[in-house]
Amino acid sequence: MILEVENGSFGYPKQPEILKNISLTLKKGRILAILGPNGIGKTTLLKCMVGLLKWKSGRSLLDGQNISDLSSRQLWSRVSYVPQTHTFAFSFTGLEMVMLGRSAHLGAFGQPGAKELQMAETMIERVGITRLAYKDCNQMSGGELQMVLIARALINEPELIILDEPETGLDFHNQILVLNMIERLAHEEGICAVMNTHYPTNALSVSDDAFMMNKEGSFIYGKTQEILNEENISRSFEVNVAVNEFQHKGRTVKSIIPVSLSEEKEI
């Protein structure tokens with residue numbers, strides 16, 4: 001699968017454009033990280049990419065076909081979206097929440113049956129959250145719920161998975177758990193993955209490509225190891241940073257450390 005955005009621009013009614021002439025390509029088995037400060041339009045970009053919001057100009061293509069020409073069932077049987085808002089009006093157990101991921105394959109009036117139940121049980125076991133099968137989602141920790149939502153996305157058997165800030169608010173253990181899952185899905189199973197993140201270090205650890213947004217409306221796009229350097233990160237986040245590189249268990253690990261506010265922003 002190839003996801004392409006061609007010259008995408010977007011602005012909310014009666015407001016200036018926040019996304020301007022964006023172009024990018026995501027190929028099978030690769031992870032794209034989208035980075036930038038709060039309020040820059042990262043979630044808006046994700047929604048435009050997959051048709052949840054309509055581009056003002058430009059288009060998104062899925063294997064060369066304009067996403068706006070696809071039916072809802074055609075699109076969401078191939079694409080899964082994991083939002084950052086994790087509150088629910090109704091109580092669902094972990095197992096029920098995962099089963100909901102098959103909705104796009106069942107049609108408007110289809111009901112999950114024995115097949116979907118078996119698939120949900122298998123997926124929960126695969127993701128390693130069997131203990132959460134009968135726990136109320138509204139009573140789960142952030143890390144527990146995030147893994148349930150990823151399982152819900154995966155039972156859809158997607159070719160593309162979109163994750164909106166999947167590690168935000170999680171402790172170190174659960175951040176690594178989620179990041180390892182994303183990396184395994186893409187690099188071992190060939191699923192395309194796009195993730196928004198506030199953490200450049202996390203993007204460095206798992207993503208192949210990076211799309212960094214700046215407040216003046218510009219962006220930088222390319223291979224992660226080339227894009228996420230001190231100069232680009234400092235410009236986007238308006239902080240001075242240091243990139244630390246070290247060896248851990250035979251592999252090179254990079255971490256990005258914020259040091260101070262940029263001079264023009266210091267108070």
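Q: Which helices and strands each supply at least two residues of the lining of the largest pocket?
A: In this predicted model, the helices that do so are α7 (172–187), α8 (200–206) and α10 (230–237), and the strands are β11 (239–248) and β12 (251–261).

Q: And which of them gives the most?
A: That is β12, which contributes seven residues to the lining of the largest pocket.

Q: How much space lies in that pocket, and which residues are closest to its centre?
A: The largest pocket holds about 760 Å³ of space. Its lining is made of 28 residues, and those closest to the centre are L179, T201, N202, S205 and K254.

Q: How does the lining split by class, nonpolar, polar and charged?
A: The lining of the largest pocket counts 15 nonpolar residues, 10 polar ones and three charged ones.

Q: Staying with α10 for a second, is E231 buried or exposed?
A: E231, which has its place in helix α10, counts as exposed because its relative accessibility is 66%, and the cut-off for exposed is over 50%.

Q: How far is E231 from A242?
A: Their C-alpha atoms are separated by 9.6 Å, while along the chain E231 and A242 are 11 residues apart.

Q: OK, what about the second largest pocket, what is its volume and what lies nearest its centre?
A: The second largest pocket has a volume of about 300 Å³. It is lined by 16 residues, and W76, V79, S80, Y81 and A104 are the ones that lie nearest its centre.

Q: Which elements supply that lining, and which one gives the most?
A: At least two residues each come from α2 (72–76), β6 (79–82), α4 (103–106) and α6 (142–154), and β6 gives the most, with four residues. By class, the lining of the second largest pocket divides into nine nonpolar, five polar and two charged residues.

Q: Switching to sheets, in what order do the strands of the four-stranded open sheet run?
A: The order is β2-β1-β4-β5, and the pairing is antiparallel. The edge strands, each pairing on one side only, are β2 (19–27) and β5 (65–66).

Q: What packs on that sheet?
A: Helix α1, residues 42–49, packs on the sheet and touches β1 (2–10), β2 and β4, and the direction of α1 makes about 60° with that of β2.

Q: How many bridges join β4 to its partners β1 and β5?
A: β1 and β4 pair in the antiparallel sense over five bridges, whereas β4, residues 57–62, pairs with β5 over two bridges, also in the antiparallel sense.

Q: How do β9 and β10 pair?
A: Strand β9 (residues 209–213) and strand β10 (residues 219–223) pair in the antiparallel sense over five bridges, and M213 stands opposite F219 in β10.

Conventions
Residues numbered from 1 in each chain as written. Predicted model: local features only at pLDDT ≥ 70, side-chain atom pairs only at ≥ 80, totals over all residues. Heavy atoms only, no water. 1 Å grid on protein atoms, 1.4 Å probe; cavity = no way out; pocket = protein on both sides within 12 Å on 5 of 7 lines; lining within 4 Å. Points joined across faces, edges and corners; volume = space filled by probe spheres on them. Nonpolar A, V, L, I, M, F, W, Y, C, P; charged D, E, K, R; others polar. Pairing = 2+ DSSP bridges. Contact = heavy atoms within 4.5 Å. Axes fitted to C-alpha atoms, helices over the stretch in contact; angles between N-to-C directions. Buried < 20%, exposed > 50% of the residue type's maximum accessible area, 1.4 Å probe, protein only.
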